[in-house]
Structure formats: structure tokens, C-alpha cells
Amino acid sequence: MATVQVSEAEKVYILHGIRDDLRVDGRGCEDYRHMEIETDVVSNTDGSAKVTLGHTAVLVGVKAEIGKPRPAVPAEGYLEFFVDCSANATPEFEGRGGEELGTKLSNTLYKVFNNKRSIDLKSLCICAGEHCWVLYVDVLLLQCDGNLYDAISVAIKAALFNTKIPKVHISSDEEGGKEIELSDDPYDCMRLNVENVPCIVTLCKVGHRHVVDATLQEKACSVASLIISVTHKGTITCMRKVGGGSLDPESIFEMTEAGKRVGKALHAPLIKLLEQEESLGKKRQKVGFLG
Amino acid sequence: MLKSKTFVKKTRSGGVMKVVREHYLRDDIWCGSEVCTECKQESTVLQKDACMESSLCSYPHYLVPDTNVVLHQIDILEDPVICNVIILQTVLQEVRHRSAPVYKRLKDVIHEKEKRFYTFTNEHHRDTFIEREPGESANDRNDRAIRVAVKWYSQHLKTFESDTDGLKVVLLTNDQGNKQKAQDNGLLVYKCEEYVKSLIANPELVDRLALSSDDKNEITSSKVLFPEHLPLSRIQTGIKSGSFLQGTFRASRDNYLEATVFVQGEGEDSTEVCVLIQGLQNLNRAVHQDVVAVQLLPRSEWVAPSSVVLQDEGTAKDDEDAEEEEGKLRTAAAEAARKPTGKVVGIIKRNWRPFCGMLNVSQIKESTRHLFTPAERRIPRIRIETRQASTLSGQRIMVAIDGWNTNFLGGAGEKDTEEEVLLLEHDVPHQAFSQAVLSFLPKMPWAITPEDMMKREDLRPLTVCSVDPPGCTDIDDALHCRELENGNLEVGVHIADVSHFIRPGNALDKEAANRGTTVYLCGKRIDMVPELLSSNLCSLRSNVDRLAFSCIWEINHKAEILKTRFTKSVINSKASLTYAEAQMRIDDTNKNDDITKSLRGLNKLAKILKRQRIEKGALTLSSLEVRFHMDSETHDPIDLQTKELMETNSMVEEFMLLANISVAQKIYDEFPECALLRKHPAPPPSNYDILIKAAKSKEVEVHTDSAKALADSLDAAKVDGFPYFNTLLRILATRCMMQAVYFCSGMDSDFHHYGLASPIYTHFTSPIRRYADIIVHRLLAVAIGADTTYPDLMDKHKQSALCNNLNYRHKMSQYAQRASVAFHTQLFFKSRGILNEEGFVLFVRKNAIIVLIPKFGLEGTVFFDSKDKVSPNIVFEEEGPTLSVEQHKFHIFDKVKVTISLDDSNIQHQKIRMALIEPVIPGVSVPAPDTERPAKKQKLDR
């Protein structure tokens, strides 16, 4: 991942600041940077969202396609994740440089989102054992300025909120052949329930304390971080430690508590914002990528 | 301004795809009206004083039809009266989507300048584009788009009201909801019917109105209800799973309640299966030539084709009657004679074309619904709505089933009309050649250029002459024969080099390929190529230089071919003779000029060739051909005679056969994959049943194992005191034969020509009147290096498709020819009144006998059961076959005496009526010829 070189003196400065709950950019330890969200930015997808968090920018598109359900869960649809690390984000991603990170990210996202507690996978089923909706979630990293997980998770939640799946119904003829029929009204579509979709909160252990939404400099001072996915009720659905260092049980406990708190607080304004945007309908002024 | 249009669609693999299209809105789309000063248009389509005399709209106005009006009432829009119409892009797109033929017609109308149809691209106009709203169906959205555009127009034009007297825009729609909404929006809107009825100056337009849906319901509530046709998707799955069969529907000529469907077998087993369909319910509204899906009935319900002749009697018949007739069909048939029987479950492709026919005026005076009876017997009657019944009755009219065309053709029974009808009915392209076709003709005056001479052999010094029927102007063959120094004979067949003038792929070539053949009617010829070629440049007339394709043999006196060569040449015919003239020269021993000597040599060789051919097993069949003597002024037939055959006929024929066979061999050797050949398949043995049975009744045995055996037994068949027997037998044998067909050598393995007993055959000798010969000329020219090839010539699939068309045209031209003869026979009998003639029984049917009158070459049916008389006691025996009427038993070949008269009680199907005089059967035969005409009697009885 994109890294910055931080000198010893800078490190001390950052560490001391965090110890006093005052970070380099003036935030407290549990504060996020400025976040911007816009949905429905790519017309070719069924749902899309663009999120900028500080200078981190990600674009998420959701494409719904008809596929075959997995044999183990015939009555459920599923999600697929792909993370594309654009070389626009950082020169390190050039060539195949971003591949490793992309795989790591998409595996984590799969763990976090593809389960029936996060999304009602049953609603994606069209015909048990034969047809279901597969949601291809494509994540494009446009710019990296730390805290990718959180930005991506918010973007995914927003994109899923925005997703409109065309309504289909199965008609069968007497020979037993089943035919998928499409409604000819483009407004006749199914929306997903995103209430339980979690957001990821990454907590970075810096010194003896931990911070959320670490910048690249803060990240450089940290030895290990914990990613926690939290639902709107504060339930933790997934937890994972990343980074080379070790965390002692006590600080893990502290960090989960903080994560819960921060995560819970993140959901409410996010949903409010999305609903507000949705209610504007066609009157909304699109910002897009130039705004 | 950019908008995007989003829609979802299903992909072929069953997935769902979201499609997003960019859609640009513009502000430079002009309204197309003459009055507009705001739009910066260069030329305007819509006139300032758009006047259609309507009692509803007394002011100048433009019409805006909605999609359904265009789809259903295109006949109205095509009328020259209707002009100044705005066709919205929304409408155009929807029409294109829903019906390609209507779209094509609409496009044609738009392109016509005088019609002043303007296409307004409202979907791209900034002010008239609308987006679909949630909950709105696509149709509602389009209706709204139309209303918005109309609104825009009326406001746009209002701006210039000062200098016009209130130009308005009128929306035409048949949709009640749409009309209501438009009225609420303050638009001028009328139903199409209302508007058309208000056109005071043109009341005839009303008849062109198609029925609106509520009218249709009334009609379907009549008594015979047909089973619903299945939707196409179910038919397709049915055909895939094998539960339905797909085939072409062919109605029976003799029986309107019976039809067969020819189903092409699958894979290697490519034999055709016939499925019999019987009864109105099972026929299920299929019309002759439709492609239909049929379902086979269980074996227990299979029936045999009835040999009853049933004619739909034209008059409005009650359904009970039809049921009764259906009952008649279901006679117990022998198990063996039963055929696969099925019912029509759906129609895959309608093959409707305009039909000619007549109106049966309804008995109720005020009624506007009448029945239309098509001239073609295989087409069912069609219900028509018109207010012009009184003017239309007795006229030949044209009716299109899908539209509402009623065109006059002229009075029935008039000669020109009848000829037109039979050409139309047999799908013979007979329009004048188009300008595009004529543009490919050589420029006159035409002369042979030195370059042509360079490439061709100069055969002008040879004594070439042509022998043809009298009055022939399209002479495509000429002959010569001379003695060589080595004692052998050189014989040349020179064929008009039509392929020199008709180059592949141009409009002239395409037209000729489509026409396929020249059609000869009595006293009329429908040319395949324009007259300049057929009667002048290609015609090998005497004493002019003509281009030819020559086939030259060196033949010894035993008529063995020693050498064959083909060459493009220039000839100069020394004489154009008729068969009779040629015959006279040969017979006249005083004449000893070059031409006569040449003819004698040819005649001698021809006799040997013919003998050889017959020894090989070629058949000499017989069919009576009738020739009319025409009145030179009225072109009415004044006398008729059967065609006489002379030695010279057979002389020319013999050399033509020889040339065809030589050429066939040459092109097949050169192009085994794509030679165009002609074959005549051997008939299946069962075809001969009737012939064997008939011969047996006169104790004559006919062997049908091979062509040779058949030819021999026909030659041997003689009955004492019955000289005509042999001819009759040959006529019957002809009926047993298969059709000879063109085919592409790469697509078939059986080349044999049964009738000529030749292993290979083609048509080379009449390129002026047959397109197949042109192709053969091209192939031969390539083979001898005289011309270049082109891709289509070497494509066996293209060739095969061409063959199909040629076979079809050929068959149709024969039918048309026959129909023309039949019509002229009728005309002849019309002027003659009632005649008594001797005839022979040719076929015996269940309720009738078919009688041949040799004097006129005329065939007619004598019915024994008629509607208004008590049926005599009739017993039909399949073995034999014989028909016993009261005490008398009819056999095939029985001599009978009949009266012949013209039955014009049904003017549509005027027919020759025959009634029996001898043998006398009480209650059946008619006593004397000069009594009142039976036709009239029938009329009184009704």
C-alpha cells in the first residue's frame, strides 16, 4: 500500500499529539476527516456511489446479473467483489502492483458483506436452485490517502442503497420450461434493504492509544491496526487485525469498544444523507467527477 | 443538451442487461411549415393553405396521426386526398417496431413530394422530448409524447396567426383515453373514422377504413367458432419437441373442406410427408400457401382423402349446410387408404397477397357487410364492409385481407379483365418493364461491332434457317446441315446469344431471373425480356446478322456423333420458315436449293435420332393442345382446333434435345458442383394405379416397371373399333408423370430424365423465353473460355434458390396457360350456345364422371348429385373404378354423349356445364339439346 516516509522527529510529534487527543490535522482520536458521498454517478451500473474521505477517493459500482445460486445455499443470491487499484491512485499500483492489495481487500469485503446478516440474500433469489441475482461489486480506488477500508465500506453501503434491480418474474409453460420475464417499466425495480449492512471502522494503534481514520503519516507511526465491521445497532460482524505488530488483549478490548461507538455513530448520518439525496430524485444536481 | 435513455433488456443467454444510450436534444429542429418565419428551414413541406374539405375542420389544418391510426389506416393515409400530415418520430419508430410492411409503406408515402408528409423528430426536440415517468407504460409515454408534440405545434403555429386564417393541428387517434386527455389539454382531436367521414368531397375513403376493434367483436360472434391459434412461442417449442409439424398449407382445388400440409422431413430423411386436413374446424382459418403448424390426430381419427368434388357455392350458405357437407366427407374408408390426418393449431407465416374476385351482394338491402368470393377456388370467402355494394357488384375487385383495398379491375367476363385476373392469380409478373430495366438495353441503332466479330466465329456464309410455329416473333433457334468433304454431315444448332445482352447482376438480369419464363396466353405473350431483345436483337430473323451461340456436330450418316464443339458465332439466317412451309419444301421434289437440301439432311438424321431415342425408352406422351382461331379485330376466338403435329416439328425438337444433352454433358463435366440441369424423376409405382386399372378394363396390360416397358406397352395398346383408345391411354399416362424440375448438380445426385430416357439433360435452346437457358449459356461460355465467371454462378446454394424460383414460375406459367385456354374455351361456347358432342370418360369419381371431348380437347365434369334434384342411386366402386348410376355402370373410356353449355349463373366462376345425353338414364340424362338451358332452370328453382 501507499506509504510515506516519516522522520523520527515527525513520529514523535504525531505520537505526542495523539497521546493528548490532538492529531496533526486538528482532529480528536475518534474523529473522521471530511467525507463526501454521491450516489448514482455511473449510469451504466445498477447502483453506484463515490466517496471521498480526506484525499482518499473510491468509486463503487454494483451490477446485478442473473446467475446460478451456489449449490450449498440454493435459495440465496450472492455478492462478488473486485477491487481495482488504479494506477491513478499511486504509482505503486502500476502494472500488477495493485493486485495483491486488491485481492486482500476483496477477500475482506467478501467476508464482511456476503452473509445473510448483512444483506437479505434470500431477496436475491429468483427461482430456488436455478436463478438468482448475483451482485458484482466493483471497487475502483481513485486516490489513496489512508483508511481505504472505511471509505470503501461506506461507498459500498451507499451503492447498495442506490442499487435498483429490475423486477423479473418467472413464467412457466406446460412443458416445464421456465422463462424469465422482464417488466417493461424501467421504474419497476427492487431495492435492497441496507439497514444491516455494516461499516468498517479501522483503528490504528499509535503509541498507547488508537485512532480512527488514520492518515498515511499516522499509519506510518502505527505497528498494527484492527478492522472492525459494525452494524447500525453496534453489533460487530467481523474483526481482523492487520499490520506486522502485536496487540495486547486489553487494548483489543478497548479498541473494539471504541470501534463500536464510532461505527454506531457513523451509520445514522450516512443513512440520513442517502435518503435525503434519494428524495431529491431527478432534480438533484449531479456533481460527478468534475465537481 | 444531453440526456441518457436507460432501459433493461434480456440477453439471448437469458441474462438481463442494462443499456444506457445517450440522447441529444437539439434546438435546431424545424417545424416544416410554410407559414413559420421563426424556424430557419431551407425548404418547407407543409403548405400554408392546407385544405382538405372536411365538415369538421373548415379551417386549414395539418393532421397528426397516432401510431395505431398509421398501423391500421395506412390505406387511408396513402390516398392522394390526404396530404399535409405531420408524422412524429415517436410514431415512426413505433410503426417500424410493430410492422415492417406498414413502415415501408409509410416511408414511401413520406418520400412522395405531392403528399406533403413531414417527419418531425420530436424525440430530439428540446421542447417536445419527454422522459418516461414512474408508473407510466411505454405506450402511455408515447401517447403523451404525441400530445406534447401536437401541443407544441399548435402553440408554435399560433404565433403566426396574424398572417394566416387560423392554421391548426388536428390529432387523429382511435384511443378513447388518449382522445380524452388530448381534449383536456385543449387540443383538436378526432377519431380517425369521424374525420374520414367528414371529408365531404371523398366519400369513397370511408370504405378503406379498417374495422376498429369494437366492430371486430361483432363479427367474431358468428356461429362457427374456430379454435384459437397458439402463440408463436408455443408453436416453436411444439415444433422443437416434435409434437407439432411445420409445413406449407395447400388447399384442395376440388374440395374446399380439405387441404394437405406438406411437411419437409428432418435430416437425411428428406422426404415430404403429406398431412391431410379435413373439416372447417381443423382447417382453422388457414389460407392457401400459409406456413402452418399442424398437430397430428390420433391414428384412430385418420381418414382417407375423399374423392368428392365439393365446391363452395358462393352464395351465402348457412353453416348447417357446411356441416352437412363435412358429414359427407367422413365416409368409411378402407384402412389402407387412410392418411396421416391432423389439424392446424397455429399459423407461422401468413402468405396473403391481394386476391381478385367478386362481391356477393348481401340480400339485405341496407347491409354494408358483404361476402367476397375470390377467383381462386382455394381461397376462402372474405367478409367485406362497403357502402358501394351496388357499384361493386358485377365488377371484378381486388381485396387485400390485411388491409382494406378495394380496387376495381373492370367488368367480369370482359376479356382484358379476365386475362389480368388470371395473371394476378398465378402470380405472373406482367407489369411493363421499369425504366431501370430498360436502361440496360443496347442503344439503337445496334450493329455488331468489330470487337464482337473478333471474338466470334463468322458463320454467316452457312445456309442457316429457322423453323417455328406461324406468327412466332421470338425465334431463338436456327439450324444448318451440310455435307463435309469426308462424306460426314455437319449439323449446327444456333441459339440466340441472349447472355451477350443480359449481363449478370444488372436490373435487366434480375428482372428476367424473377420472371423466369415467358408466359404464352391465347393471343398474348408476357415477355421475360423486353421486346427489343425478344423480338428483335435476339430473334434470329432471316437476312440479318445476329449473334448466336452455336453447337456444331460432325455426324455420320448413321446419326452417330463424331465430334462436338461449341462456339460463339455470328450467323445470318437465310429463311424463317413455319413448320408447314418447311414440310412442303422437304416434300416438294422439285426444289433442290441449299435450304431444302439442308432441311432434308436434318429430317433424315432426326428420324434416325428419334428411333434411337425411342429404343432407349423415351416416352411419347400425349396431351391435347388446342389452338384458337382468333378474330383479327375483336381477338375473340372464332374457331378452335387441336394442334397438329408435323414431321418438321419433331425434326426441330430432335436437334434441340440433342443440343441440350450435349450442353448438359459439357457443363456438368466442367462444373460438377454448379451446373444447372433439368431432371424428370421416375414416378412412384402407385401413380400408375389408375392407368393400369383403366387399361385392364379394356383388357389391355400396361407394364410400368421401366420407361421402356411403359413405352412399349403403350405402343402395343390397341383396341379394335376404338381408334382413339391409344391417345386416351397416353393422356392418362401423362397425368401419372412427375413434374420435370431444374436443379443444381451440386445439390442432387439423381440426374435422370425419365421422359426422355436421358441420363443428363438441361435447357439450352430457348434463352429468350426461359431464364434457365441464360444461366446454361453463361456456364457454357465460361467452359469454352468465351466469357468470365461471376460469384453467384458458382454458388450452388444461390443456384439452387434460383432453380426453386424457376420451377415455381414455370409451373405457374403452365397453370396460367391452361387457365387462359379454359377461358377462351368458355368464350367460344358463349358464342356457340349449346352443343352436343361425343366424349370419353376419363376419370370416374364418387359423385361424378370427368368427360374429355377430343374435338375441343376439353374436359368437363358431369355431376350426378345436384342440390335441387333428388339424387339418383349412385354406387361407387374403388376397384375398377366404376360408378353405377341407377342401372347404368360407367367405366373409364366409356363413350358418352353430352351437351355442352356455358353456365354463367355464377359470374365469378363461369364454367362449362356438361350434361349427359347418352346413355339415357331416366332422371339423370337430359333429353334433348335444344331445351331450356339447365342453368336457367336452376335459377328459377331458387
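At roughly what angle do the axes of helix H21 (residues 647-670) of chain B and helix H25 (residues 771-783) of chain B cross? The first view takes that up. This is a predicted model, where local features need pLDDT of at least 70, side-chain atom pairs count only at pLDDT 80 or more, and totals for chains, interfaces and linings use all residues. Residues are numbered from 1 along each chain as its sequence is written, chains are lettered from A and ligands numbered from 1 in the order written, and side-chain values use heavy atoms, with hydrogens and water left out.

**View 1. H21(B) meets H25(B).** The two axes cross at roughly 60° and come within 10 Å. Axes here are lines fitted to C-alpha atoms, for helices over the stretch in contact, with angles running from 0 to 180 degrees between N-to-C directions. H21(B) and H25(B) are therefore oblique to each other (under 35 degrees is roughly parallel, over 145 roughly antiparallel, 65 to 115 roughly perpendicular, and the rest oblique). Their crossing is left-handed, meaning that the near helix is turned anticlockwise from the far one by less than a right angle. On the H21(B) side, look for B:Val663, B:Lys666, B:Ile667 and B:Glu670; they meet B:Val776, B:Leu779, B:Leu780 and B:Ala783 of H25(B) (contact means heavy atoms within 4.5 Å). Sorted by class, that's six nonpolar, no polar and two charged residues (Ala, Val, Leu, Ile, Met, Phe, Trp, Tyr, Cys and Pro count as nonpolar, Asp, Glu, Lys and Arg as charged, and the others, Gly among them, as polar).

**View 2. H3(B) beside H4(B).** Here the axes of helix H3 (residues 89-98) of chain B and helix H4 (residues 100-111) of chain B come within 6 Å, crossing at roughly 140°. That angle makes H3(B) oblique to H4(B), and the crossing is left-handed. H3(B) brings B:Leu92, B:Val95, B:Arg96 and B:Arg98 to the contact, while H4(B) brings B:Ala100, B:Val102, B:Tyr103, B:Leu106, B:Lys107 and B:Ile110. The tally is seven nonpolar, no polar and three charged residues.

View 3. You'll find B:Lys179 in helix H6 (residues 176-184) of chain B; helices (H or I, at least four residues) and strands (E, at least two) are DSSP runs, numbered from the N terminus. B:Lys179 counts as buried because its relative accessibility is 10% (buried is under 20% relative accessible area, exposed over 50%, partly exposed in between, with a 1.4 Å probe and protein chains only). Setting aside neighbours within four places in sequence, B:Lys179 touches B:Thr173, B:Val189, B:Tyr190, B:Lys191 and B:Glu194.
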